[in-house]
Number of protein chains: 2
Amino acid sequence: MLAEIREQPAAIRRLLEHEDAVREVAARLTWSPPPVVRMVAHGTSDNAATYGVYAFGLLPGWTALRDSISLTVYYDAEIDIAGQPVIGLSQSGVTPDVVRYVERARSRGAVTIAITNDETSPLAEVAELVLPLEAGPERAVAATKTYVSSLAALALLAGHAAGRGAEIADGLRATADLVQQTIEDLEAIVARMAPSFAILGRMFVIGRGTELATAREIALKLQETCRVAAEALSATDLSHGPVAAVDPLFPVWAIATEDANLPAVVDSARRAHEAGATLIASGSAAARIEGAAFRLPTPPAPSTLLAPLVSVVPGQLFARALAIAKGYDPDSPQHLSKVTRVL
Amino acid sequence: MLAEIREQPAAIRRLLEHEDAVREVAARLTWSPPPVVRMVAHGTSDNAATYGVYAFGLLPGWTALRDSISLTVYYDAEIDIAGQPVIGLSQSGVTPDVVRYVERARSRGAVTIAITNDETSPLAEVAELVLPLEAGPERAVAATKTYVSSLAALALLAGHAAGRGAEIADGLRATADLVQQTIEDLEAIVARMAPSFAILGRMFVIGRGTELATAREIALKLQETCRVAAEALSATDLSHGPVAAVDPLFPVWAIATEDANLPAVVDSARRAHEAGATLIASGSAAARIEGAAFRLPTPPAPSTLLAPLVSVVPGQLFARALAIAKGYDPDSPQHLSKVTRVL
């Protein structure tokens, strides 16, 4: 897992070598009125899809949604998607119901795209178009580098769809350097901090805007590798009920990035702190979270949209370090295998 | 809270008295090509919006999504929504960012609809059209009757949009009786079962399809009233990572309804049980969850779409009973007020 966390800057740079493929897919999607982009995925790839909603919304101004697989694959709902883009995301390209969704969508005339780390996978086969992640083999069960590669692929696709591909590519190159710097800055700090959380059983992870994807991904890493009941919430949703559950043994991790959603995160963290929660703050605006017991600052990204590629790193490093502090093997969590073949 | 749980059948019947208002709103939305319905809400109302995705998908075959408030209200994304329906859901009608979202959407030409229990609220004022829940005052902080009323309003609206309003209204009348029967059947059983969970600190609640909304709502009730780290997951997502966290002190509640998504729920519950989780099974197919330590069966609903109005009842009753078993006041959870006025 650590080796793959460290490979992330290289994975982002490698994706940029395949920019032509991304440009071609974007050209297929650009028409008027704008398309409605449907994304389907599970687990880490679904967290990347959460990011995709913002990438398409902020760059070309398109509506994008994480579609319900159960609604169409299992209930067979008759929703007309002819000519509309459908993106299936799966690191392995094997996830059965994602493959079935994309297959069904293609038979109904959707423009189907696979974002996958295996160009020979079933998902790549059933989709009309493929955006290969080219992140290299990922062996740790908890995905890391394919997550940031998926974000990079979505940002680049949305950027080209908006006629701003070159700008986003430049931003991603700078972001790769920031990811590298963040890993170097935080690796030792996180290893020293993790033992304080060895008894951690539950946690909320809050973010807002583009960082909702980061909150979801950090919570998932903690569930997978540390057996923690970590739930991701939008900062505002924390105040609409779940804050009732917090106490000093139920910490809250706030992802604080300098953007228009920061006031909501600061406010929500303040409420959690008043309710007795121990706070961890990460991100480029970690210093803005008052009363944080621990801070994991990251450098500011070139834009709000690219911040999540950097912001996820403290969570990845912390999850690995905490797994070790708890005596678990971060590379091979219990009850999981790398490729999930469930219904 | 208990009084309001018991009022739910009456709340559903009262909503049906206002069917004309629902029919008029539906008439405003029916055109070709079909609209894309955007819903915005927090907390319990957002769980109702989760249900709305299925109601609009299954009945008129429309795309419906829970929109990101942060994307447009805070990032000011330029997504064209002129002429498209926007539904803001809020029991109190006060939720600040929902009001702001609807206000902005209306100024950009969207057809705005408020679903609220207060016709004089800010949300009702900023929206062009209002669907009043008429559920009567809700005083317990944890919402119950306004949740089932919101589901009924969405089902009825989607039904009229599909030209099947009368059928759905009949189904809702039958469902009100089933909700009443479920409350009568389970109230005492749940009270006897709750003390076994007095030390409960964390739980996953799984459902799929229309019952994903139920899973989210039951998890939220447990967070609000019992201070439990209860996270809702689609049955399939449990297997994509979070199952790594379960053990006998980390139970899994499976909502099992007789429909096309049941096999995925059965399979996911089996995996959780094999991983050592104590299982609670509820719903019309509770008997199908192998190895469940506790079962809270409900009568079958008239259709897959109406099942969630019945399926949520065991969770509401259990949350209240568990709060009492833990020594908490279910009517007034800590750190919460009835009307949440956060950013």
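Two strands are said to pair if DSSP finds at least two bridges between them, and strands themselves (E, at least two residues) are DSSP runs numbered from the N terminus. This is a predicted model, in which local features need pLDDT of at least 70, side-chain atom pairs count only at pLDDT 80 or more, and totals for chains, interfaces and linings use all residues. Residues are numbered from 1 along each chain as its sequence is written, with chains lettered from A in the order in which they are written.

In chain A, five strands form an open sheet in the order 7-6-8-9-10, with parallel pairing. Its edges are strand 7 (229-234) and strand 10 (294-297) of chain A, each of which pairs on one side only. Within this sheet, strand 6 (residues 202-207) and strand 8 (residues 252-255) of chain A pair in the parallel sense over three bridges, and Val205(A) stands opposite Trp253(A) in strand 8 of chain A.

In chain B, Gly207(B) belongs to strand 6 (residues 202-207). Gly207(B) is buried, because 33 other C-beta atoms lie within 10 Å, where the cut-off for a buried residue is 20 or more, with C-beta atoms placed from the backbone. Neighbours within four places in sequence left aside, the contacts of Gly207(B) are Leu212(B), Thr214(B), Ala215(B), Ala235(B), Ile255(B) and Val265(B), a contact being two residues whose C-beta atoms, placed from the backbone, lie within 7 Å.

Turning to the two chains together, chain A can be laid on chain B with an RMSD of 0.0 Å by a turn of 180° and a shift of 0.0 Å along the axis, and the two copies are thus related as by a two-fold rotation axis. The superposition is by least squares on the C-alpha atoms of residues with pLDDT of at least 70 in both copies.

Technical notes: Helix = DSSP H or I, 4+ residues; strand = E, 2+ residues; numbered from the N terminus. Buried ≥ 20, exposed ≤ 12 C-beta atoms within 10 Å, placed from the backbone.
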